[in-house]
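Take a walk through this model, one stop at a time.

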Amino acid sequence: MNISQKQKSILTILVIGAFLGFLNQTLMNVALPNIMSEFHIDTGLGQWITNGYMLVNGIMVPLTAFLIQRLTTRRLYLSAVGLFAIGTLIAGFAPNFTVLITGRMIQAMGAGVFGPLMNVVVMNLFTPDKRGGAMGLIGLALNFAPTLGPTLSGFIVTNLSWRFLFFIVAPLIIANFILAYFLLQNIGEPKMLKFDFLSVVLSSIGLGSLLYGFSNAGATPWSDFTVWGFIIIGILVTTLFVWRQFLTETPLLNMAVFTHREFVLAMLINIVLMISMYGGALMLPLYMQTVRGSSALVSGLVLFPGALVTAFLSPWSGRLYDRYGVKYLTLAGILITALGTFILSALTLATPFWIIVSGQFIRQLGLVLVLMPIQTEAFNALPLALMPDGSAMFTTIRQLAASFGTAALVTIMTKSAMNYGTTHRSMLDTLIQLHGIKTTFFIAALLMLVAAALTLLFSNKAPIDRV
């Protein structure tokens with residue numbers, strides 16, 4: 001992909017920032033037991049290290065659509081990176097759990113801006129025939145960072161303190177701030193938009209309640225009010241938010257994005273992918289540590305080859321999209337992902353490690369052919385004027401789908417293991433847990449086949465033909 005020095009500098013700065021932001025979503029999972037032990041807290045409270053980050057991050061995304069149009073690129077990005085750096089330092093030096101959570105939430109306020117802003121900048125910088133290659137590079141941040149997180153975290157927590165998860169990120173994000181200050185240029189012109197405070201309140205309560213309810217569902221029965229109550233509140237308030245967007249002259253999110261067929265189709269496929277990917281990705285560490293009794297480091301290493309293939313092939317998948325379009329590329333990728341997931345649905349107590357690694361590797365190989373092409377297709381379907389709204393909408397629904405998918409598949413795992421244990425009372429606990437994990441992988445694979453069927457509704461017009 002031939003790009004100018006200006007494009008290369010801007011893209012590099014934004015990808016580094018987004019990479020560190022997305023890395024932080026999964027970096028803390030493996031460190032949770034150590035943090036709980038140091039601060040003497042239980043699992044329910046400890047989960048807020050991840051849940052709180054996702055919650056604030058999700059609330060920030062719809063607001064970002066307004067901020068992208070209202071502020072200059074430099075001002076918005078430097079503010080976001082500054083917040084992320086401050087939150088990282090606060091969390092790293094936290095004397096207690098309250099300060100740690102505060103630092104994580106400040107981090108999330110900055111990180112919530114990174115993804116939508118990066119998407120909008122790329123769509124403005126590149127013509128349709130080159131956007132796939134650029135979005136493929138973005139895939140390094142969006143897809144490689146979350147899969148690298150558990151492996152990196154396992155290594156650091158095993159050999160150093162959990163605080164180094166922040167101390168390593170801090171100098172990198174500060175260096176990114178310095179680079180952005182000197183090299184980042186403004187893209188597009190800011191607009192004097194009216195700030196709709198009511199929409200911000202409604203979106204924050206609605207999306208926050210949905211994310212909170214779904215995140216609780218992973219460890220709490222769906223019959224608990226903290227799950228069903230917050231999900232219902234979230235649905236009702238989000239409905240009010242959507243209704244508000246049609247009434248006001250300056251909506252926080254422009255619902256006109258849903259009038260574009262390819263955008264809607266890409267988003268529906270992405271929802272299925274997120275449910276399968278995030279929920280399925282949680283199952284493998286559970287299998288390795290709970291069923292096989294492996295360490296956090298070994299569990300992370302099983303995921304590492306899949307993370308590497310994501311890093312190496314993301315730019316390549318973008319170039320394939322630029323050349324061939326979305327339809328058959330996405331279909332092939334989803335079928336490959338389904339194959340890897342079916343392999344993992346046949347795990348046993350004695351499955352060789354190379355088969356486990358291969359199954360996850362095949363899953364990631366398929367996903368890398370799908371995720372960025374799907375996202376690029378969604379944005380290519382929109383006019384530039386709707387790009388901030390489309391990017392924020394796509395990112396918000398991606399997060400909701402990931403949160404719901406994790407909760408739903410954890411519930412399936414728990415219920416299927418419970419039912420299996422009831423009918424096989426003499427069975428070992430590890431075999432009961434294994435049954436739940438295998439069932440969940442099998443359902444995730446079936447969901448991938450649903451997504452594969454949806455790809456057939458795409459037109460196969462290559463981006464190069466749209467220029």
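Ile355 is partly exposed, because its relative accessible area is 26%. The cut-offs are these: buried means under 20% relative accessible area, exposed means over 50%, and partly exposed lies in between, with a 1.4 Å probe and protein chains only. Ile355 sits in helix 15, residues 353–368. Helices here are DSSP runs of H or I with at least four residues, numbered from the N terminus. Leu344 is 11 residues from Ile355 along the chain, and their C-alpha atoms are 8.4 Å apart.

A word on the source. This is a predicted model, where local features need pLDDT of at least 70 and side-chain atom pairs count only at pLDDT 80 or more, while totals for chains, interfaces and linings use all residues. Residues are numbered from 1 along each chain as its sequence is written, and side-chain values use heavy atoms, leaving out hydrogens and water.

Now go to helix 1, residues 5–27. Its 23 residues reach 32 Å from first C-alpha to last, close to the 33 Å expected at 1.5 Å a residue. That expected span is 1.5 Å times one less than the number of residues. Of the 23 residues, 18 are buried, so helix 1 is largely enclosed by the rest of the structure.

Which helix does helix 1 pass in a left-handed crossing? The partner is helix 6, residues 97–125. Their axes come within 9 Å and cross at roughly 145°. Axes are lines fitted to C-alpha atoms over the stretch in contact, and angles run from 0 to 180 degrees between N-to-C directions. Left-handed means that the near helix is turned anticlockwise from the far one by less than a right angle. The contact (heavy atoms within 4.5 Å) includes Leu14 and Phe22 of helix 1, and Phe114 and Met118 of helix 6.

The structure holds 16 aromatic pairs. Rings of Phe, Tyr and Trp (its six-membered ring) pair if their centres lie within 6.5 Å; planes under 30 degrees apart are stacked, over 60 edge-to-face, and the rest tilted. Phe214 and Phe404 have ring centres 5.1 Å apart and planes at 70°, so the pair is edge-to-face. Phe214 lies in helix 10 and Phe404 in helix 17, so the pair ties together parts 190 residues apart in sequence. Phe214 is buried, at 11% relative accessible area, whereas Phe404 is partly exposed, at 32%. Elsewhere, Phe39, Phe97, Trp162 and Phe166 form one aromatic cluster.

How values were computed. Helices (H or I, at least four residues) and strands (E, at least two) are DSSP runs, numbered from the N terminus.
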